[in-house]
Amino acid sequence: MFTIGQAHQPSSRILLAEDDLDVRDMIQDLLETTMGCEVLPARTGRQALELLFADSVLPPDIVILDLMMPFVTGWQVLTIIQHDPVLAKIPVVILTAVSQDKPTSVAAFLHKPFRVKTLLDTVQRLRQQAA
């Protein structure tokens, strides 16, 4: 369980794909300041894919993915991640207002509105599993 003030693990790179600017900024600030993570923000599914496949960008350690985004949906991004042999190894956290069951292929499924502590605990658990 994550507690504020706890010693930081080495920095994790997190791709945060969220089209709501306020939610994206809040999560990015939390992950950077509270956990020392490097956050790669994406406002659309298309931008998330560009970051995932960019030669100049190291792959993220964790992907936090909203399902309802413009142009390319989170579902489409998830499908592409699952079918790529390298990206399929990256844990994906779904963050969505869509009411449905958790897909078995994701590390966590958080419903909006979510509790900040739940998100931080989830990221901390995935970081520990990767260590």
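Q28 touches L16, V39 and P41, when residues up to four places away in sequence are not counted, a touch or contact being heavy atoms within 4.5 Å. The place of Q28 is in helix α1, residues 21-35, where helices (H or I, at least four residues) and strands (E, at least two) are DSSP runs numbered from the N terminus. Because its relative accessibility is 17%, Q28 counts as buried; buried means under 20% relative accessible area, exposed over 50%, and partly exposed in between, with a 1.4 Å probe and protein chains only.

This is a predicted model, in which local features need pLDDT of at least 70 and side-chain atom pairs count only at pLDDT 80 or more, while totals for chains, interfaces and linings use all residues. Residues are numbered from 1 along each chain as its sequence is written, and side-chain values use heavy atoms, with hydrogens and water left out.

**The chain as a whole**

The protein chain holds four helices and five strands, and read along the sequence these follow the pattern β-α-β-α-β-α-β-β-α. A compact globule with 131 residues would have a radius of gyration near 14 Å, and the protein chain agrees because its value is 14 Å; this radius is taken over C-alpha atoms, and the globule rule is 2.2 Å times the number of residues to the power 0.38. Along its principal axes, the C-alpha trace spans about 40 × 35 × 30 Å. Of the 131 residues in the protein chain, 45% are buried. Among contacts between residues at least 6 apart in sequence, 66% join residues at least 24 apart.

Strand β4, residues 92-96, is mostly covered, since five of its five residues are buried. V92, I94 and T96 point one way from β4, whereas V93 and L95 point the other way. In a regular strand the side chains alternate between the two faces of the sheet.

On one side of the pairing, strand β3 (residues 62-65) runs parallel to β4 and is joined to it by three bridges, where two strands pair if DSSP finds at least two bridges between them. L65 has I94 as its bridge partner in β4. Strand β5 (residues 108-111) also runs parallel to β4, and four bridges join the two; here the bridge partner of V93 is A108. Together, β3, helix α3 (residues 74-83) and β4 make a right-handed β-α-β unit, a crossover being right-handed if, with the strands pointing away from the viewer, the path from the first strand over the helix to the second runs clockwise.

Within strand β3 lies I64, which counts as buried because its relative accessible area is 1%. Leaving aside residues up to four places away in sequence, the contacts of I64 include I14, L15, L16, A17 and L31, as well as V93 and L95. I64 and Q82 are 18 residues apart in sequence and, from C-alpha to C-alpha, 14 Å apart in space.

In helix α2, residues 45-53, the buried residues include G45, A48, L49 and L52. They lie on the same side of α2, because they cover an arc of only 100° around the axis, the arc being that of the directions from the helix axis to the C-beta atoms. What covers the buried residues of α2 includes β1, β2 (38-42), β3 and α3.

Helix α4, residues 116-130, has 15 residues and reaches 21 Å from its first C-alpha to its last, close to the 21 Å expected at 1.5 Å a residue; the expected span is 1.5 Å times one less than the number of residues. Its buried residues are L119, L120, T122, V123, Q124, L126 and R127, and what covers them includes β1 (13-17), α1, β3, β4 and β5.

**Loops**

A cis peptide bond joins K112 and P113, with omega of about -5°, and P113 is found in the loop between β5 and α4. F71 belongs to the loop between β3 and α3, and has a positive phi of about 70° although it is not a glycine. T44, in the loop between β2 and α2, touches M69, P70 and F71, again not counting residues up to four places away in sequence.

The table gives the accessibility of four residues.

| Residue | Relative accessible area | Class |
|---|---|---|
| Q28 | 17% | buried |
| T44 | 10% | buried |
| I64 | 1% | buried |
| F71 | 64% | exposed |
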